[in-house]
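Here's a quick briefing for anyone meeting this structure for the first time. Have a look at the model, then read on.

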Amino acid sequence: EATGRYCFEIAQEMHKAKHTVSIENPLKIKRHAQSQMKRNKTDEVDLDVIKDYAQKNRMDLREWQPKSPQYARLQEFYRRYDDVVRIRTMEKNHLKAGKQDPVVERMIKTSIASRDQELAELKRLIDVLFKENPELLAARTLVCSIKGLAAHTAGRIVAGDPLKFANADAHSAFYGVTPKRNQSGKKTGPSPMTSMGDPGMRGALYRPAQTAMIHNPCINQLT
């Protein structure tokens, strides 16, 4: 069961020991527990639920493979970038929340300036990592050929290792940008995005999608 970065340390050690490893979405495990009417949540109960889930779905489990050091480092950079953006946004919101004590206001502004410097450094490190790895650079260049996507967002897509997906449908489902059908009998409701995938990637694609709607003829025909 995926539990942040902790599960990857365990998965790495199990893979080194020649075990077959699968990392599953926690929502799947939760729904499996609910289907069994589990009323308690303890380590022992969780272990039994995960074991039962694995046994009943073993034919559908996807084998996990560790990423190359380059991919792992790229993902770390983008995770930190997202964290810093959230902190900077929070500080900017504090400035807009009304009159601040001069000392506090100065501290907030200093914090924002520091976050800006960190974002600039992360962008530099990401660019250096791409330039030092021809495979990553070629993948980013290919993604950049899509009108509406610039280097930074393209790099995020590459960091997600798009080649691990079997097809475009699986890729878009992972980001949560697929339509959610709402139909019962003769009634058909609106079809918004499922929003069940990676929220960070959806946020990163928002502005490029707006740009593509205007400048990308392929996308423009769909709007």
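Just after helix 7, Asp 161 takes a positive phi of about 55°. Most residues other than glycine have a negative phi, and most peptide bonds are trans. Helices here are DSSP runs of H or I with at least four residues, strands are runs of E with at least two, and both are numbered from the N terminus.

A word on the ground rules: this is a predicted model, where local features need pLDDT of at least 70, side-chain atom pairs count only at pLDDT 80 or more, and totals for chains, interfaces and linings use all residues. Residues are numbered from 1 along each chain as its sequence is written, and side-chain values use heavy atoms, with hydrogens and water left out.

**Asp 161 and its partner**

- Asp 161 pairs up with Lys 67 in a salt bridge, with 3.5 Å between the closest N and O atoms. (A salt bridge is a side-chain nitrogen of Lys or Arg within 4 Å of a carboxyl oxygen of Asp or Glu.)
- Lys 67 sits in the loop between helix 3 (43-56) and helix 4 (69-95), while Asp 161 is in the loop between helix 7 (151-159) and helix 8 (168-175), so the pair ties together parts that are 94 residues apart in sequence.
- Asp 161 is buried, at 18% relative accessible area, and Lys 67 is partly exposed, at 30%. (Buried means under 20% relative accessible area, exposed means over 50%, and partly exposed is in between, using a 1.4 Å probe and protein chains only.)

**Helix 7, under cover**

- Seven of the nine residues of helix 7 are buried, which makes the helix mostly covered.
- Those buried residues are Thr 153, Ala 154, Gly 155, Arg 156, Ile 157, Val 158 and Ala 159.
- What does the covering? The cover includes helix 4, helix 5, helix 6 (134-144), helix 8 and helix 9 (199-215), going by contacts, meaning heavy atoms within 4.5 Å.

- Lys 18 isn't a glycine, yet it has a positive phi of about 70°.
- You'll find Lys 18 in the loop between helix 1 (6-16) and helix 2 (26-35), and it is exposed, with a relative accessible area of 75%.
- Lys 18 and Pro 69 are 51 residues apart along the chain, and their C-alpha atoms are separated by 19 Å.
- Met 37 isn't a glycine either, and its phi is positive at about 60°.
- Met 37 is in the loop between helix 2 and helix 3, and it counts as exposed at 54% relative accessibility.

**More salt bridges**

- The whole structure has 15 salt bridges, according to the search.
- Glu 76 and Arg 79 make one of them, their closest N and O atoms being 3.3 Å apart.
- Both Glu 76 and Arg 79 belong to helix 4, three residues apart, or about one turn of the helix.
- Glu 76 is partly exposed, with a relative accessible area of 34%, and Arg 79 is partly exposed too, at 37%.
- Glu 118 and Arg 80 also join side chains in a salt bridge, at 2.7 Å from N to O.
- That pair links distant parts of the chain: Glu 118 is in helix 5 (residues 102-132) and Arg 80 is in helix 4, 38 residues apart.
- Glu 118 is partly exposed at 22% relative accessible area, and Arg 80 counts as partly exposed at 33%.

**The whole chain**

- The chain has ten helices and two strands, and along the sequence they follow the pattern α-α-α-α-α-α-α-α-β-β-α-α.
- The C-alpha atoms fill a box of roughly 55 × 45 × 45 Å along the principal axes.
- Of the 223 residues, 25% count as buried.
- Among contacts with a separation of 6 or more, 52% come from residues 24 or more positions apart.
- The chain exposes about 15900 Å², with carbon and sulfur atoms supplying 56% of it. (Areas come from the Shrake-Rupley method with a 1.4 Å probe; for residues, only the protein chains shown count as cover.)
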